[in-house]
Amino acid sequence: AQHASRDGFVIMEPIRARGEIVDFRWTYANPAADRMAPADTTGGLTGRTITELFDPETAPAMVARLTPILDTGGPDDIEVRRVIDGKEHWMRSSAVRLRDSVAVTFRDVTDQRAADQALKAGAAQVRAVMESLPQVMWSSRPDGHCDYLSPQWVKFTGVAPKAHRGRGWLDAVHPEDRDDVAEAWDQAMRHALPFDMEYRLRRQDGAWRWFNGRASAVRDEAGEITRWFGAASDITEIVEARHDLEARVAERTRELKESLEDRARAEAALAQAQRLETVGRLTGGVAHDFNN
């Protein structure tokens, strides 16, 4: 099992001088451990000592880490920094006492640690950008549970973030808009669709403001949704201008309709007058003929 393992596994015995532990010697190392050893390790780790293979910075740290295990029994579970062939490595390691020796398992997590760190500049940068924008911003888990609300949201609503996390943010939506917004959000979650709606949000002074809320999914390489990011912009002036324009159009349409109706009545009256004039002329002509 240890021969096939991808994790390094070693057994190390202490080397003492005048009763004190000054070094450790490998008595067993599986192939994974040998692959992670310094490049100039000929014949593997077995039989070699820490101070033989590692530089003056790394060797004392390894000895100091393993020595207490013989007293405490362990296990410990830590990430340790090691310099191997002049290059920094980070190892996830666990050590436990094995009779008068120490058994250690470990794996190189340097790349994973670098990726995690990059994910965290990246997260910090995204948060900095989100918090610098005028829009209210939020972020949700793949299931739609809101777990981040920007300072702009908190400032606008005047409500502590924890009260609006999950689906609590719907409490800030106008009662007349709430059901439609909730349904649209659920549809976006179920079918992985973009969310785009206009609705009213309650400002901390009780005023209702119109917002255009949008959210899109972030996907991993396999196409699975890992997060939702959303933003809402205050469009009250736009909505009010649109309503005003619609009212003006409706008024102008009414006036135009009334004008057309007046014109139609005038044209009908003119046509009637013309018909009467024609009849009058005809009658006059006939009377003239009779008179002759």
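Before the first selection, one ground rule: two strands count as paired here if DSSP finds at least two bridges between them. Also keep in mind that this is a predicted model.

**Stop 1: a five-stranded sheet**

With that rule, colour the strands in the order β2-β1-β5-β4-β3 and you have an open sheet of five strands with antiparallel pairing. Select 20-29 (β2) and 78-84 (β3): these are the edge strands, and each has a single partner, so one side of each is left without a neighbour in the sheet. Going from one strand to the next, the twist averages 40 degrees.

Seven bridges join β3 to β4 (residues 87-98), and the two run antiparallel.

While you're here, select R113 and W90. The charged end of R113 sits over the ring of W90, 3.7 Å from the ring centre.

**Stop 2: the nonpolar cores**

Which residues have the most contacts inside the largest nonpolar core? Select V10, W26 and I50: they are the ones, in a core of 26 residues. Helix α3 (residues 58-66) gives the largest share of this core, four residues.

A second, separate core has 24 residues, among them A172, W185, A188 and I225. As background, nonpolar side chains tend to be buried together in soluble globular proteins.

**Stop 3: the other sheet**

Next, colour β7-β6-β10-β9-β8 in that order: another open sheet of five strands, with antiparallel pairing. The edges are β7 (146-149) and β8 (195-202); each has a single partner strand, so one side of each has no neighbour in the sheet. The twist averages 25 degrees from one strand to the next.

Click R202 and you'll find it opposite W208 in β9.

**Stop 4: the aromatic rings**

Show Phe, Tyr and Trp side chains. How many aromatic pairs does a search of the whole structure find? The search finds seven. Start with F156 and F211: the ring centres are 5.0 Å apart and the planes are at 80 degrees, so this pair is edge-to-face. The pair links distant parts of the chain, with F156 in helix α7 (residues 151-157) and F211 in strand β9 (residues 208-219), 55 residues apart. Are these two buried or exposed? F156 is buried at 14% relative accessible area, and F211 is buried at 3%.

Move on to W169 and W185, an edge-to-face pair at 6.2 Å centre to centre, with 90 degrees between the planes. W169 is in the loop between α8 (161-164) and α9 (175-191), W185 is in helix α9, and 16 residues separate them. W169 counts as buried at 8% relative accessibility, and so does W185 at 2%. Now widen the selection to W138, W169, W185, F195 and W228: ring pairs link them into a cluster.

**Stop 5**

For the last stop, switch to backbone view. Most residues other than glycine have a negative phi, and most peptide bonds are trans.

- G74 to P75: this peptide bond is cis, with omega near 0 degrees. P75 is in the loop between α4 (69-72) and β3.
- R18: phi is positive, near 55 degrees. R18 is found in the loop between β1 (8-17) and β2, and is exposed at 84% relative accessible area.
- A192: phi is positive here too, about 55 degrees. A192 lies in the loop between α9 and β8, and is partly exposed at 28%.

Conventions
Residues numbered from 1 in each chain as written. Predicted model: local features only at pLDDT ≥ 70, side-chain atom pairs only at ≥ 80, totals over all residues. Heavy atoms only, no water. Axes fitted to C-alpha atoms, helices over the stretch in contact; angles between N-to-C directions. Phe/Tyr/Trp six-rings, centres within 6.5 Å; stacked < 30°, edge-to-face > 60°. Buried < 20%, exposed > 50% of the residue type's maximum accessible area, 1.4 Å probe, protein only. Lys NZ or Arg CZ within 6 Å of the ring centre and 35° of its normal. Core = buried A, V, L, I, M, F, W, Y, C linked by side-chain atoms within 4.5 Å.
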